[in-house]
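Please look over the predicted model shown here.

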Amino acid sequence: MTDDIVDSPVAWVAEHIRRYADTDGRDGGELHGNDILLLTTRGRRTGTRRRTALIYGRDGDRHLLVASDGGSPRHPAWYLNLAADPAVELQVGADRFAGTARTASGAERDRLWRLMAERFPRYDAYQEVAGREIPLVVVERA
């Protein structure tokens, strides 16, 4: 795609994204012991491509994302965007690829949630305070 990408409006996240993108993840591919990827979604109202940095996990070839927004009672914008248009782009290190996102449910969500909470234990605390079921997103290569 040739249209511009808008990075997170949060200054430190935008700086992290730029470092990651500029170095193919050598700077920014890990944060506080967590593996990080870049997710690009298409804005559900504007159509603008929006990019953010997220902790991720793996389940085989699939990438896992947790739409926790730090335990906020509202879903993060990136999740609302991919719920409206599941065609996403990921950058994992130097690997950039198109993917299709979906929200896990039922027993699959339970199993994948345990995987992600082992990776980042704060997810369980976020779930306790969010007042919503925090979506667990599965991204597969398109």
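The residues of helix 1 that are buried are Val 13, Ala 14, His 16, Ile 17, Tyr 20, Ala 21 and Thr 23. Their cover includes six strands: strand 1 (5–7), strand 2 (30–31), strand 3 (34–42), strand 4 (49–55), strand 7 (87–92) and strand 8 (95–103). The helix itself runs over residues 11–23, 13 residues in all. From its first C-alpha to its last it reaches 18 Å, close to the 18 Å expected at 1.5 Å a residue. Asp 24 follows helix 1 and has a positive phi, near 55°.

Helix 1 also takes part in the largest pocket, where it gives two or more residues to the lining, as do strand 1, strand 3, strand 4, helix 2 (77–84) and helix 4 (122–130). The volume of this pocket is about 950 Å³. Its lining has 37 residues, and those nearest the centre are Thr 52, Ala 53, Leu 54, Asp 69 and Trp 78. Strand 4 provides the largest share of the lining, 6 residues. By type, the lining of the largest pocket divides into 19 nonpolar, 11 polar and 7 charged residues.

The second largest pocket holds about 150 Å³ of space. Ile 5, Leu 38, Thr 40, Arg 49, Arg 51, Glu 89, Leu 90, Gln 91, Arg 96, Phe 97 and Ala 98 line it. Two or more of these residues come from each of strand 3, strand 4, strand 7 and strand 8. The lining of the second largest pocket is made up of 5 nonpolar, 2 polar and 4 charged residues.

Definitions and conventions:
Residues numbered from 1 in each chain as written. Predicted model: local features only at pLDDT ≥ 70, side-chain atom pairs only at ≥ 80, totals over all residues. Heavy atoms only, no water. Helix = DSSP H or I, 4+ residues; strand = E, 2+ residues; numbered from the N terminus. Expected span 1.5 Å × (residues − 1). Buried < 20%, exposed > 50% of the residue type's maximum accessible area, 1.4 Å probe, protein only. Contact = heavy atoms within 4.5 Å. 1 Å grid on protein atoms, 1.4 Å probe; cavity = no way out; pocket = protein on both sides within 12 Å on 5 of 7 lines; lining within 4 Å. Points joined across faces, edges and corners; volume = space filled by probe spheres on them. Nonpolar A, V, L, I, M, F, W, Y, C, P; charged D, E, K, R; others polar.
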